[in-house]
Amino acid sequence: MIERGTQSQRLSENQSVPPDARALALQPRWRRDFPIDWEQDEYVSRRELVKFMVFTSAAFAVGQGWLALKSLLRRQQGALPALPIAAVDELPIGGAKTFHYPEGSTPRLLIRTGPRAFVAYDQQCTHLLCPVVPAVEKGCLHCPCHNGWFDLQTGRPVAGPPQRALPKILLDVDQTTVYATGVEERT
Amino acid sequence: MSERPRFIRAQRMTIMNAMLALVILIVVLQLWLLTATTNAYLGGDMGVALPAAIASCVCLGLNLGLLRYLFRLD
């Protein structure tokens, strides 16, 4: 008897109440014909949202793992070998040439800024990867896609949408040749 | 064998809302972690990625624990 009472109480607690809180017999015909359990509907939709969010969480963890793996692989590569990229008198002051370092990389840009002064950066803009062009007379590198500007001496962004500095190619200049000796990624 | 707790609908709904809030909070934390780590990685900082990956996996573990509880709730 007590058990039956508990069950009926549980049933009444789990019954859906129509939006206007009137009895089912007093509801319009359409609601009686197609009774929607709004509370259960809400419960199920939130449960599905929780599942989707956990799936998103798994995707983030996978992405994070992929970044960690790439970092480990990059650490194991070690230092890059020096590579001759140009003769000193090959470029006039203010002149530029592209090269690849290491082999197979994205294009890099070598710019002669003085008789014995060279700078080199990755040619891809750090905003949306458009190629930057030197504007030596202004002391800048210019990305024409979205009007981004980088300082020629440092590679740091000075105007426009880019937020990060261009990766810098470390150079070694002897009497006749310019060598690339490393790549410095920067925030 | 322990009996699963039975909740009335209103209680389950409250629990569900709390779980949803927790899961969203954790996912936002993971999103922030991923953004910060990507920025560091692109800037050549290789020391951040592994601890961040471990932290993200811990977050995923918490979420999976909550999901397990969700299945037990039904």
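In what order do the four strands of the open sheet in chain A run? In this predicted model, the order is E5-E6-E7-E8, and the pairing is antiparallel. At the edges sit E5 and E8, the latter covering residues 157-159, and each of these pairs on one side only. Going from one strand to the next, the twist averages 40°. As a general point, strands of a sheet pair through backbone hydrogen bonds, and they can do so in a parallel or an antiparallel way.

A closer look at E5(A) and E6(A) shows how one such pairing is put together. Three bridges hold these two antiparallel strands together. One residue pair can be named here: Ala135(A) has Cys140(A), in E6(A), as its bridge partner.

Stepping back, chain A has three helices and 10 strands. As for contacts in chain A between residues at least 6 apart in sequence, 37% of them link residues at least 24 apart.

Another pairing involves E3(A) and E4(A). Strand E3 of chain A spans residues 107-112 and is joined to E4(A) by five bridges, with the two running antiparallel. Together they make a hairpin, with five residues between the two strands. Within this pair, Tyr121(A) of E4(A) stands opposite Leu109(A). Is E4(A) enclosed or open to the outside? Five of its five residues are buried, so the strand is largely enclosed by the rest of the structure.

Then there are the cysteines. Over all chains, the structure holds one disulfide. The two partners are Cys130(A) and Cys145(A), with their sulfur atoms 2.1 Å apart. This link is left-handed, with -100° about the S-S bond. It ties together distant parts of the chain, as the two cysteines lie 15 residues apart. Cys130(A) belongs to the loop between strand E4 (118-122) and strand E5 (133-135), while Cys145(A) is found in the loop between strand E6 (140-143) and strand E7 (148-151). Cys145(A), at 41%, counts as partly exposed.

Cys143(A) is one of them: the nearest cysteine sulfur belongs to Cys125(A) and is 3.7 Å away, whereas a disulfide needs sulfur atoms within 2.5 Å. Cys143(A) is buried, because its relative accessibility is 2%. Over in chain B, Cys57(B) is in no disulfide either, and its nearest cysteine sulfur, from Cys59(B), is 9.2 Å away. Cys57(B) has a relative accessibility of 46%, so this residue counts as partly exposed.

Definitions and conventions. Residues are numbered from 1 along each chain as its sequence is written. Chains are lettered from A and ligands numbered from 1 in the order in which they are written. This is a predicted model: local features need pLDDT of at least 70, side-chain atom pairs count only at pLDDT 80 or more; totals for chains, interfaces and linings use all residues. Side-chain values use heavy atoms; hydrogens and water are left out. Contact means heavy atoms within 4.5 Å. Buried means under 20% relative accessible area, exposed over 50%, partly exposed in between (1.4 Å probe, protein chains only). Two strands pair if DSSP finds at least two bridges between them. Axes are lines fitted to C-alpha atoms, for helices over the stretch in contact, and angles run from 0 to 180 degrees between N-to-C directions.
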